[in-house]
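Have a look at the structure first, and then we'll go through it piece by piece.

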Amino acid sequence: MEPGQCEIAHLPEEILSAALSRTSPRDACRAAAVSPAFRAAADSDAVWACFLPPLADLPPLADGELLLLPRGKKDLFLRLSGSPVLLPGGLSMWLDRESGAKCYMVPARDLSIAWRDTPRYWSWIHLADSRVPESAQLRFVCWLEIHGKIHSKMLSHGSAYAAYVVYKLDDGSYGLDWPADASVSIGGTDLARKVCLQPNPQRSHAEDVVLPRERDDGWMELELGEFVCERGEDGDVSFGLAETKRLNGKGGLIMQGIEIRHKN
C-alpha cells in the first residue's frame, strides 16, 4: 500500500458501491469529491439507482422536459432534483435532494377555488418569477375557500410530507391577517390547524397559529399540515385553506399553487 492511502480505497468497487448506496445523495457526492478511489463507485448507476424512485413509479413528463438524455442514473437524479419538470396537465415534479422523495406543485389552475371563474372576485395573471403559467389573484371575496388533492400513488410511500401554499401579497392586500382553517386528509385521517396568511405586527396570534415564511425565490409559503404516505396507501391526499367564519372582505392574495414536499 502506498503511503497516505487508506485500506478502504483498495476494496472492490462493488463493495464500495454497496456501502455508498446505503448513505444519501449528499454523502455519495462528498465521497466522489474526497478521493479519486471512491469516484467510480460513488458515481455508479448501482449507487444512484438506490436514490432514485423506481423508474416505473416516475410519472410521465411533458414533451420537451428531457431534451438531453441523462448519461446515467446520477445525471438523471441531479436533473430531477435540480429544478421542477412539467408533467402533462399542469403539475410539476422534482425529487427531494436529500431523500429522493417525489415532490409536486399543484398549480392554482388545478385547485378548487370558490368563485375562481368570476372576474369580479378572482383574476388570472402571468408573473415572470412564477413557476406556473397563471397565478390566481384575489380581487375581493368574503368567503375564501381553496382545496386541492393528489393521489397517494404519485408520492413516495413511507415518506413524510407537508403541504405548503405558495403565494404573494400585493401592496393593497387586506383582510388576510385573521386566522384561517388549514386541513390535510389522507387515509381517513383528518388533520386541522390554524394558519395566518398575513401576520399583523399590531395583533398577537395564539401560539398554535402557524405563520408564513419568506422563500429564497421571493415568494412566501405557509405550511397547511404534515402527513406520512404509508406503504400500501391508495387514495387521495386532500388539502385546503378556508376562512368562512368571519366573512370579512379580503383581497390582494396572489397564489401560485400548493406544494407537496418531503418533510425532513
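Let's start with a contact between charged side chains: K153 and D234 meet in a salt bridge at 3.8 Å, N to O, where a salt bridge means a side-chain nitrogen of Lys or Arg within 4 Å of a carboxyl oxygen of Asp or Glu. K153 sits in the loop between strand 7 (144-151) and strand 8 (159-174), and D234 in the loop between strand 13 (220-229) and strand 14, so the pair ties together parts that are 81 residues apart in sequence. Helices and strands here are DSSP runs numbered from the N terminus, with at least four residues (H or I) for a helix and at least two (E) for a strand. K153 is exposed at 53% relative accessible area; the scale is buried under 20%, exposed over 50% and partly exposed in between, with a 1.4 Å probe and protein chains only.

Before going further, some ground rules. This is a predicted model, in which local features need pLDDT of at least 70 and side-chain atom pairs count only at pLDDT 80 or more, while totals for chains, interfaces and linings use all residues. Residues are numbered from 1 along each chain as its sequence is written, and side-chain values use heavy atoms, with hydrogens and water left out.

How many salt bridges does a search of the whole structure find? It finds 22. Here are some of them, with their N to O distances.

| Pair | Distance |
|---|---|
| K153 and D234 | 3.8 Å |
| D75 and R71 | 2.9 Å |
| K194 and D181 | 2.6 Å |

In the pair of D75 and R71, D75 is partly exposed at 27% relative accessible area, whereas R71 is exposed at 78%. K194 and D181 form a salt bridge with their closest N and O atoms 2.6 Å apart. That pair links distant parts of the chain, with K194 in strand 10 and D181 in strand 9, 13 residues apart. K194 is partly exposed at 31%, and D181 is partly exposed too, at 25%. There's also a network: salt bridges that share partners join R131, R213, R215, D217, E221, E259 and R261.

**The sheet**

Strand 9 (residues 180-186) and strand 10 (residues 189-195) pair in the antiparallel sense over 7 bridges; to count as a pair, two strands need at least two DSSP bridges between them. Within this pairing, A182 stands opposite R193 in strand 10. Both strands belong to an open sheet of 6 strands with mixed pairing, in the order 4-7-14-9-10-11. Strand 4 and strand 11 (209-210) are at the edges with a single partner strand each, so one side of each has no neighbour in the sheet.

Follow the chain on from strand 10 and you come to C196, in the loop between strand 10 and strand 11. Is C196 buried or exposed? C196 is buried, at 0% relative accessible area. Leaving aside residues up to four places away in sequence, C196 touches Y167, L176, D177, W178, H205, V209, V210, L211, P212 and L222, a contact being heavy atoms within 4.5 Å. C196 and P179 are 17 residues apart in sequence, yet 4.7 Å apart in space, C-alpha to C-alpha.

W115 lies in the loop between strand 4 (112-113) and strand 5 (122-125) and is partly exposed at 48%. L247 is in the loop between strand 14 (236-243) and strand 15 (251-262) and is partly exposed at 40%.

What about the backbone? Most residues other than glycine have a negative phi. Phi of W115 is positive, near 70°, and phi of L247 is positive as well, near 60°.

**Helix 2**

Which residues of helix 2 (residues 25-34) are buried? They are P25, A28, A31 and A32. Looking down the axis of helix 2, these buried residues fall within an arc of 120°, so they line one face of the helix; the arc is taken from the directions from the helix axis to the C-beta atoms. On the other side, A33 and V34 are exposed. The cover over the buried residues of helix 2 includes helix 1 (13-20), helix 3 (36-42), helix 4 (45-51) and helix 5 (73-82).
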